[in-house]
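Please take a moment with the sequence and the model before reading on.

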Amino acid sequence: MKNKNLSKLMKLMERYVYLFYISIAISVISSVVSLGAYLNVYYVIEELLTATNGLTESVIDNMKQYGWQAVLYVSAAFALYGLSLLLSHIVAFNTVAKYRIQLIHHMKELPLGYFQGQQTGKLRKLVEKNTEEVEHYIAHQVPDMAQAMTTPVAFLVLIFLFDWKLSLICLIPVFLGFILLHFMMGGESEKFLEQYQEASANMGNDVVEYVRGISVVKVFGQTAFSFKAFNQAIENYRDFTVKYALSMKNAMSGYIVCVYGIFAFLIPAAIIFFNNTANPMEMLLSYVFFVIFTPLVAFMLMRIMESSYKAMIIFHAMDNLEEAVYREKPLPTTDNLKKTESFDIQFKNASFTYEGMTNQAISELSFESNPKSVTAIVGPSGSGKSTVFNLITRFYDLDKGEVLIGGVDVREMPYDYLMSHISYVFQETKLFKMSLLDNIRFYRPDASIEEIERAVDQAQCREIIDKMPNGLDTVFGAKGAYLSGGEIQRITIARAILKDAPIVLLDEATAFSDAENEYKIQKALNSVMQDKTVLMIAHRLSTITHADQILVMDEGTLVEKGKHAELMAQNGMYARMYHNYQQSISWRIGGKR
Amino acid sequence: MNIQKLFSLTKQGKKDLYKTTLLTTLHQITVVLPVILFIMLTEEMIIHIQSNSSSSVTLWQYLTLCIFLLAVIFVIYLITYKQMYINSGRETAKMRVRLAEKFRKLPLSYLGEKDLSDFTSTLMDDVSVIEKQLTSDFANLVSGIVSSGFITFILAFYNWQMALALFLCMPVSLLFIIVSKFVTTPTNRKNRQLKLDISEGLQEFFENIKVIKSSSQKEHYIQNLTKTIKAVVPWAVLYEVLVGVFISISYNILRIGLGIVVLLGTYLLVQQQLTALGFIIFIYIAVRIYDPLTNSLYKIGEFIYALVSAKRIKNIFEIEEQTGSSEVDLTQFDIEFNQVSFGYSDKQVIHDVSFAARQGEITALVGPSGCGKSTLSKLACRFWDVKKGKIVIDGHNINEIHPEKLLSYYSIVFQDVTLFNDTVFNNIKVGNSEATDEEIFQAATMARCDDFIARLPDSFDTVIGENGQTLSGGERQRISIARAFLKKAPIVLLDEATASLDPENETLIQEAISELIKDKTVIVIAHRLKTIEHCDQIIVLKEGKVIERGQHEQLMANDHLYSYLVALQRKSGDWQVNEV
């Protein structure tokens, strides 16, 4: 058993660890008590067989008493087991809550680049589902395992009290069983488990692709095309799982034989000893004792198998979780953190390469952007425009060079301080499931109602608020409180206006939305950008002709820099792009007329 | 209860499940068989002791039987094991394939984003739940009850009172299980709700991480999330207490049978209606019979849980497929909307719309968002079926044409392009699998794909990654247009096909589209009103009604919604940052 996972969990339990021990202890006691039940059943028969004077009243009374005692012991064992599980669940629920909290506390400090490369749904599943597995482990597997392990030990003690020779013989299949179990859960099997999970993940990807593509292939009448690949994935998965299962078939069947085959050792041994004993009655009683006890052993052996199999899967899930979350480290900070008075942005020979990529996303980039000015960044997709933003906000830290704000390297600023001085107006933003009021004042919970109202007006949100059932207090996402994409965008702009950060990073929408929204969003943006250090990624070249500075990027380098008129005069890449753009916006469908 | 319907199994699957269940039952019985040997030996020993005989018990007989039984247990389990995994694997693979088959026959309207993720999780997770049932859970549930019932039935021939005693508490125990379901439901519901809150909280946290991290509210937000995560704990514990209490009681009641057996046994012994050996037989059985039964009770819970998944699968299989004739051959491609009204569930979104999109002409649908323009264009290709009014092509109501046949006349270019993790060549070939290589290259040229394909490492044979993630928006769009070229359909729907901006190659996309729509029946939806100025017919919609129609000049002269929208857009088109 891998103990690093368990010890990590026990650390998480904190004071609940005592409850955890108690739970295990009670579970152990429960298994001992259940042995008592079987012992009483045995006494019933012993009483019957040793009644030399026939079934006298006292014999009958004893039998009845033992019978009820057996029931009592069983009940007590179950009750104790229930209690143990209850405690283990309390521990499990609390530990998992603690675990999740620890995870999100770690994750909130991770560089944002970590989140960019991942689907949010996958991350959520990881934190939610994999910890749930851990819950099962603490709640069920540990007490079960403790019980299953103690039964054979307690059994051993009892056994030796009766007949040591028979006991040893009965233990042979148990040991054989353990050896087989070890073989089944051993290294080979863990490798198989990994492969299995990979096959499962592959099938998952193919399923996603198939389902996503289905409308396309349907429109083109090509359903057979994508279906073939899908079918292949399903079949591969099936073949793999079956192969995996079948590779275990002999070991599993052997294990079953060990579990249920104690009789084949007990019976011949009992006969041999019986034939050679001076006291046949004692031998008979020993034999009866073992006959009554074997089912308990079988039950425990089955439980050990199930538990260790589940534990293997759960530890695997936990490993995956830990690997996914803890492989990434929080952003490094320095000791003497600095703040700044001015908010100009400066890139000095900045170079950066994304992990796993060979090409530099930006190389040797240098430029300056002044307060109260607008700098537009243009260039083809993949030219490094958004990387510039990612480096300012420290979604990633650069490899070489510096990014300075007011002369201070962004890596030397307190991160919270840095972020509170930047408004990032994203293309795609979601709102929180809170009131619109709380959404708007998210960055500034202390904002006065006047300030909020002003931001609402400046962001052209008045009409949105008015049509909501409870105005600003309407909870987003509640019944009747759905907003269109353009409306959400305006709310987030109101949020940015209220934040009033000296630096504004703006990623212009790549898609046109309908006329009214478009118009209002633009009006709203004017308010955000007022008197700030603005950096914008521009897609519509017509919007930036008045920008103070235009940076033209291509393949990570700055190829041109200047004002619109200067760049047009240069007749280079920008002029070409602008010309293309002009042509595209004057395009008319059905241009023949 | 029809298990085949319940789990949406094939006939073979049902047969296999029965077989697995039967074999598992057999296995359960075989592991109890050694009791016969135990009893035989017990009897022989008792006789020996009572008769004080000096002869010995013969070993070889028992030894042979033991080995024989071991072999039986081994073989039966081996067969059961193989049966379990091979058949459940086979059936669940079939189920996934059948579901996939079903998906492709669904009306296009079911293939929206939310439904897609539901489908995916059904195909993966729900089927896995069923797989577990098919492998062993269901068989264990049934076999535990059947095998112990069977054994008791046999024993009843020997002594029916004692056999009855074994099972006397079973009904009460079952009752507790059932009652527990009712008692725990409210707590469970609350519990689930709180779990859902956690799920949503985490999702929101990850989705908004940028905003959260750039706010002073970060710690406050995390604190709230922490509260949400902790909130479930007391309820989960309460639920566990309730379930635990009931389950414990139910298991205990079951085992009171042991006491009753002893009690009744001693009574019958005294009455001489039962021999000592008979008594021992029942004790031997009583210590063995309750574990499989307890296991069965436990599996009832899993079974009920699996029913939820089974229901979701069944619901998908039960979605009605669209019907229609495949024999229709259309030769003329005017699309006529005749007094079409349409709504989703309860909300009507299209009201009595009539117009005709003529062959060789371009018809544009415009209006504010939510006006129904997208819905109208989708109705034309049977995303949904019109219930009131009709859409007619070449004299046929489209509801009478099989959707696949109907779609074969359409090329649809959407704003969102879906690509496959395959080569560029194969991605274009999706347009028409019958096309020759020559035709595919030609389509790529016509869609202005040549230059970027030439730049790819393996040109046409380059694999473009999951959903074509290595390509830019404009490149993706051009591949989708190449597909449309390859298809050569007489009707073209353009739904925001040029809404995505890619200044570099937008003109290329536009050129390609102009070529694509030549001489076709074209319905176009565009946000940028400039692009549709030259259309033959512009239909202006508002709240699901046609409020204006005509050509650009006419509509401008009308001075109504259209001219208002155009004016507004002209203003936004002139928008410039930093304007003085």
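A residue counts here as buried if 20 or more other C-beta atoms, placed from the backbone, lie within 10 Å of its own, as exposed if 12 or fewer do, and as partly exposed in between. By that count, 45% of the 593 residues of chain A are buried, and in chain B buried residues make up 44% of 580. The model is a predicted one, in which local features need pLDDT of at least 70 and side-chain atom pairs count only at pLDDT 80 or more, while totals for chains, interfaces and linings use all residues. Residues are numbered from 1 along each chain as its sequence is written, and chains are lettered from A and ligands numbered from 1 in the order in which they are written.

Chain A has 20 helices and 10 strands, and chain B has 19 helices and 10 strands; helices (H or I, at least four residues) and strands (E, at least two) are DSSP runs, numbered from the N terminus. The radius of gyration of chain B is 36 Å, well over the 25 Å that the globule rule gives for its 580 residues, so chain B is more spread out than a compact globule. That radius is taken over C-alpha atoms, and the rule is 2.2 Å times the number of residues to the power 0.38. Along the principal axes, the C-alpha trace spans about 120 × 55 × 50 Å in chain A and about 120 × 60 × 50 Å in chain B.

Two residues are in contact if their C-beta atoms, placed from the backbone, lie within 7 Å. Among the contacts in chain A with a separation of 6 or more, residues 24 or more positions apart account for 81%, and the corresponding share in chain B, for residues at least 24 apart, is 79%.

Within chain A, strand E7 (residues 503-507) is largely enclosed by the rest of the structure, because four of its five residues are buried. Two strands pair if DSSP finds at least two bridges between them. Strand E6 (residues 422-425) of chain A pairs with E7(A) in the parallel sense over four bridges, and here Tyr424(A) has Leu505(A) as its bridge partner. E7(A) is also joined by five bridges to strand E8 (residues 533-537) of chain A, again running parallel, with Val504(A) opposite Val534(A).

In chain B, six strands form an open sheet with mixed pairing, in the order E6-E7-E8-E3-E9-E10. Its edge strands, each pairing on one side only, are E6 (410-414) and E10 (545-550) of chain B. Strands E7 (residues 491-495) and E8 (residues 521-525) of chain B pair in the parallel sense over five bridges, and Ile491(B) stands opposite Thr521(B).

Finally, the contact between the chains takes 143 residues from chain A and 142 residues from chain B. On the side of chain A that touches chain B, the largest share, 23 residues, comes from helix H3 (residues 57-107) of chain A. That side of chain A has 86 nonpolar, 36 polar and 21 charged residues, where Ala, Val, Leu, Ile, Met, Phe, Trp, Tyr, Cys and Pro count as nonpolar, Asp, Glu, Lys and Arg as charged, and the others, Gly among them, as polar.
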